[in-house]
Amino acid sequence: MATEGAVHMVDLKVNGVAHSVAVPARRLLVHFIRETLGLRGTHIGCDTGNCGACSVICDGQLIKSCMMLAVGADGCEIETIESLGEGADGLDPIQEAFREHHGLQCGYCTPGIVLNAKTLLAENPHPTEAEIRRALKGNICRCTGYVNIVRSIEAAAEAQGSVRA
Amino acid sequence: MSTPSGETTYYGEVEQSERLGAWSGKSVPRKEDKRLLKGQGAFVDDLWMHRQGHVHFVRSPHAHARIISIEVSRAEAVPGVYATLTGEEVGELQQPFFQMAPEPAGLMRDYCMAVGKARYMGEPVAAVLAESAELARDAAALIEVVYEPLEVIVDGIATIERQAPVLHEEIGSNVAWHGVYDYGDVDWALEHADHVVRIDRLHFHRFSSTPLETTGALVNWDPGTGVVEFRSNNQMPMFAAMFIGPAIGLGIDHMQFSSQDIGGGFGIKITSYTYLTALALLSRKAGRPVKWSESRWEHLAASAHGNERTFLDIEVPVMSDGTILGFKVRAFDDAGAYLRYEPLGAVIWSQVVPGNYRFKHIRVDYTETLTNKCPVGPNRGYSRLQHLWLIERIVDIVAKELGFDRVALRKLNYVQPEEFPYETPNGCVYDSGDYPAMLEQALELIDYEGARARQLAGAGSGKRIGIGIGSTLDSGTNNFGQSRIINSALPFSGNGEAAVVRLDLYGEITVTIGTSPQGQGHETTAAQVTADILGCSPDLVHVVAGYNKAANTYVGFSGTYASQFAVTGLGAVMGAAERLRGEIVKVGACMLGAEESDIELADGFVRLAANPEAAIPFIGIAATVFANVAELPGELADSVTLNCRYVYRPPFTVPDHETKRGKLTLTYASQVHAAVVELDEETGQVTILDYAAVDECGRKVNPKIVEGQVHGATGHGIGAALYETFEYDSDGQLLNSTFGDYHAATSLDVPHIATGEVECPSPFTPNGAKGMGEGGGAPLSTIASAIEDALPPGAHVVYDSHNNAERVYELLRSAAAAGPRGVEVISR
Amino acid sequence: MIVSGQASVPAPREQLWAVLSDPAALAQALPRVDLVSIEDGHRFSAVARPVTALGETSVALDFEIVEQRPGEYVRIVASGRSGENLLALSIALELADDGERTAASWRAEIALRGVLSSLLQRGIGELLRDQVESVLAAGAALSGADRGR
């Protein structure tokens, strides 16, 4: 019990950077991201995989990083909120839309929600309000009542659409 | 007057500024957003201190038990474990926390961990500090606690009966407070009314706003300086300081508090001072910084819950024309196992004694009780939600029983627009409002006529449509003197907030405030009003993010709570900005060789109104005062510091303890909501078809931010009305202490919210704004109202603020069952 | 919380009784339960390892067979601890002839204290059912050489 149990090497890419790290078997991916890699934008809001604050993109899919062990991410490509926008100040179009439409208040759920929006719009560039709400079901927000989050995603979809056009 | 530190402090009220307008009132995008969107926010779990250890609390699985022994040696023997702390030690290391209740409840001995006895499931009994969070948890499993389980009491009313187990022996009973609020003459009214409507029982349930970020802190008791640093997400840090200091024998000057970004507070992060105290003691014992992040189950079971209130024997005198004269009620508020911020809740509701109505005769016999449940805290809408819900239930039930139209009955009984400022039966003054107009708007937004038609058309389809209305108030900017109504010995009164607006060495406009925002956009709105007063863009105004006792300014009430920032926080910012403006103009006039009346400020320059080319940038003003001061005449140099502190003080006096009367809050924002719901007759499932929220909060500083608060408050209210409730079993076990079982409302649960607004500037505030943000819990009334409207004739009244499918199912069937309906009408 | 169930087992009562009355056999029959010690003919301690989403949690349990009418009825109580969580269980099992089979009916009262009272409330019924049916199946699977022990 004083030992942390087995330690394994994991090799994975996070935000385009390759990492090769020894991790205890029981370390959750979210703790690996936050504590081992020091990326603090991914948050923890619950203990049971319900709130979505820990959402990241793994091999193109939105996952809850608290529901995966770091060892389970061996060989994977992870994108966290830090991968969006250029440099320290740039906002990507989805983030701009959230800023314009007041899609965030305390900001704690925001990284998970923005990544959710990113994967949604990649898969469904013109979602209806019902589809947006359906996609957001796994991300809890206590501040906004979701109305402006939906508006922000609709605006981001429109902006993306007009760029393509 | 200036202080040796070079800061000029002013006090008092602020005249309504004519300067607001260029930026105030506009939906300026938020300064906070860039960092939050990019994951660059600094929340407490993101912080780190050299040599820190991680804390895990061992918690009681019993709701009520004597603690016989705690054996920590096996845990302490584990390599990497730095220290442990038990309740027994805590009993020696701290004085019990100051209690606001009068005796006997004031004799309660409340510590940061259970001492001798655990009184609710999840109460901390010991703590472990170790090199990692996982190790702390592993080591905690090696701590052996021997308990002697005791009888559990969870019923908030049965708890005051003689046979109930007493939680705090030193009090002798489970009554925390009792008082009777008696205004007008309700006995006369009941005797002379044309009808008396009697309602047996209404119940407001226990839930919480559950901020997404749980409680956390990084605490370091520095042995060298003797200063304890609290980096925490507590949202009322100076209140916390006032409780922690005497408990651990530390002066306020030896405590530092800071936070930058807080992931939601909603009142639940006010009473975390108990945990901060435990962390401080552990840090001192271990000689290390200690870091703690509360898990979600700990937050749900052991941080704070909203007040649960039961109303019995409600009697409502009504005249034939529908005028409701008032009501009488016995109210029981279940505070859980400890008081903490309570029993303030026993008086806070009286800010809105008659709700939105002109009721004159009201008696509330109010008892606050203790049970083996999580202690309550000032959850969003603190204590007013419960009372306002009662009033709306009364209005709806009276309408239904006596055959009045709910809309017409409200319009008849509302405080009318021409009656403002309106004095309520206990001396509170509603500043402004227009409830009938708001009701009209709400009904239009849900297409009231259309909904009625759909309701009729849906008869027999297996789905029942109902339309609901809820009117509430959000009273803002408290007079803390109301605490004396529950305990005349309490040394609190008035209110205030502090701000500093200054120029930095190169003329940079900097604002610091005593508030601790959790998403309300203070950096942005403070920049807006400062920009208006100093005549520049908000981009030139730097508002220091977050709360910092050493770097920012503060008063005893500092923090972010109770729907007041637009008035108290911005009042302070405006006052400071005005004074700074005066100083800049003074120096600029001297440097330009002009009269002060010739000077204007624009775009960060001081210039001659008649000749804008003659201009000095703020850097020039600052550089002169800070580094080139010999160039100024002596008298001028002595009278300016460019560092202006202002304490906004609303005009309150101390309320009357005997008559329980006084001006308890400065502003009264209002809300009228309407909803169309559909009940499934087979399952009891409730679906919201349409929802509208009309809000009135005086002059809005940033309309988008205001609308966001309305959405959020509505989301919380809908969540509570249909999905969120804390379920305790008779063993005092919280059956839903995870987000898997406590259903926090999701994007599929909260519908689109149509919003409307009416603007009635407050005559009492510096900017015509009213505090808002908490909302009045209108969704709770609105949905209860809509469900009741959908029920078949003969059904039981909607008696609870929480109506899940099971409860609605029972209500649907109560009509056919033809049993008691919970209401009786006696007519002359 | 009260959980109950019924099962029809393809074995005579006496055969099942061999398992139900013997602590060693019981501990062996319970799935994901490791016997720690047998104190006497009625009492034993074990560690249960129910599977959770990302691994397993361990519950240290003390069992006692408190009441028995051989071949017909047994009542077992267990109390256990998992970290700060407490578990108390009382299960009564009745056996009746059903031709060559046995009709078994059982009723359990479980009290959970701690966060498990929230986490396990929906799963505990299934967990318990799984345990009981495994014990009965183990009894039914006994070979001729084990019978009558």
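## Aromatic rings in chain B

F97(B), F98(B), F239(B), F243(B), Y273(B), Y341(B) and Y382(B) come together as one aromatic cluster. Keep in mind that this is a predicted model. Counting over all chains, you'll find 30 aromatic pairs in the structure. Let's work through a few.

**Exercise 1.** Work out how the rings of F230(B) and F257(B) are arranged, and where the two residues sit.

*Solution.* Start with the general idea: a pair of aromatic rings is described by the distance of the centres and the angle of the planes. The ring centres of F230(B) and F257(B) are 4.7 Å apart, and the planes make an angle of 15°, so we call this pair stacked. Next, find them in the chain: F230(B) belongs to strand β11 (residues 228–232) and F257(B) to strand β12 (residues 255–259), both of chain B. Last, check the accessibility. F230(B) has 0% relative accessibility, so it counts as buried. F257(B) is at 1%, so it counts as buried too.

**Exercise 2.** Decide how Y422(B) and Y430(B) pair up, stacked or tilted.

*Solution.* Take the distance: it is 6.1 Å centre to centre. Then take the angle: the planes are at 45°. Stacked needs planes under 30 degrees apart and edge-to-face needs over 60, so this pair is tilted. Both Y422(B) and Y430(B) are buried.

**Exercise 3.** Find which rings have R284(B) and R813(B) over them.

*Solution.* R284(B) lies over the face of W221(B), 4.3 Å from the ring centre. For R813(B), the charged end sits over the ring of Y809(B), at 3.9 Å from its centre.

Key. Residues numbered from 1 in each chain as written. Chains lettered and ligands numbered in written order. Predicted model: local features only at pLDDT ≥ 70, side-chain atom pairs only at ≥ 80, totals over all residues. Heavy atoms only, no water. Phe/Tyr/Trp six-rings, centres within 6.5 Å; stacked < 30°, edge-to-face > 60°. Helix = DSSP H or I, 4+ residues; strand = E, 2+ residues; numbered from the N terminus. Buried < 20%, exposed > 50% of the residue type's maximum accessible area, 1.4 Å probe, protein only. Lys NZ or Arg CZ within 6 Å of the ring centre and 35° of its normal.
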